[in-house]
Amino acid sequence: MARPGLPGRWCPVERCDQPKRPMDLLCREHWGRVPASIQQRVWTHWRARQRGDRAAITLHREACRDAIAAVTEKEDAHAEG
Ligand SMILES: [Zn+2]
């Protein structure tokens, strides 16, 4: 699948070509695989960003990275139960 390279419109998980809503980090399927604790961090910091909390920008970015890493690890470990 062609990847248009427009950030914010497509799921950032490798090998995933699903579109996502701009407000969401991942497509619905991948978001559902993110551990609840990380989902909570992403939302908490995202909302703080919307309120103009500059410190939350870094925290949100880290939470997003953790979320992507969590689903990527699961994809790579599909051979294990
Ligand atoms: Zn995805």
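A residue counts as buried if 20 or more other C-beta atoms lie within 10 Å of its own, as exposed if 12 or fewer do, and as partly exposed in between, with C-beta atoms placed from the backbone. By that rule, 16% of the 81 residues of the protein are buried.

This is a predicted model, in which local features need pLDDT of at least 70 and side-chain atom pairs count only at pLDDT 80 or more, while totals for chains, interfaces and linings use all residues. Residues are numbered from 1 along each chain as its sequence is written.

**Stop 1: the whole chain**

Color by pLDDT, the predictor's confidence in each residue, from 0 to 100. The average for the protein is 86, and 80% of the residues score at least 70. Now select residues 1–5. Here pLDDT stays under 50. The model has three contacts beyond four places in sequence for this stretch. Two residues are in contact if their C-beta atoms, placed from the backbone, lie within 7 Å.

Switch to a cartoon view. The protein has three helices and zero strands. Along the sequence the pattern reads α-α-α. Helices (H or I, at least four residues) and strands (E, at least two) are DSSP runs, numbered from the N terminus. Confidence is highest in α2, at a mean of 96, and lowest in α3, at 91. Among contacts between residues at least 6 apart in sequence, 34% join residues at least 24 apart.

**Stop 2: before the first helix**

Select Arg-15, in the segment before α1. Its phi is positive, near 70 degrees, in a residue other than glycine. Arg-15 counts as exposed because it has 8 C-beta neighbours inside 10 Å.

**Stop 3: helix α1**

Select residues 28–31, which form helix α1. Two neighbours in sequence are worth a click here.

Glu-29 sits in α1. Is Glu-29 buried or partly exposed? It has 13 C-beta neighbours inside 10 Å, so it counts as partly exposed. Its C-alpha atom is 9.7 Å from that of Cys-11, 18 residues apart along the chain.

His-30 is also found in α1. With 23 C-beta neighbours inside 10 Å, His-30 therefore counts as buried. Beyond its neighbours within four places in sequence, His-30 contacts Cys-11, Val-13, Cys-16 and Val-71.

**Stop 4: helix α2**

Select residues 36–50. The expected span of a helix is 1.5 Å times one less than its number of residues. For the 15 residues of α2 that gives 21 Å, and the end C-alpha atoms are 21 Å apart, which agrees. Step on to Gly-52, which follows α2. The phi of Gly-52 is positive, near 95 degrees.

**Stop 5: the core**

A nonpolar core is a set of buried Ala, Val, Leu, Ile, Met, Phe, Trp, Tyr and Cys residues joined through C-beta atoms within 7 Å. Which residues make up the largest nonpolar core? Select Cys-11, Val-13, Leu-25, Leu-26, Val-34, Val-42, Ala-63, Ala-67 and Val-71, nine residues in all. Helix α3 (residues 55–76) gives the largest share of this core, three residues.

Center on Leu-26. Leaving aside neighbours within four places in sequence, Leu-26 touches Cys-11, Pro-12, Val-13, Lys-20, Trp-31 and Ala-67 in the contact sense.

**Stop 6: Ala-63 in helix α3**

Finish on Ala-63, in helix α3. Why does Ala-63 count as buried? Because it has 23 C-beta neighbours inside 10 Å. Outside four places in sequence, Ala-63 is in contact with Ile-38, Arg-41, Val-42 and His-45.
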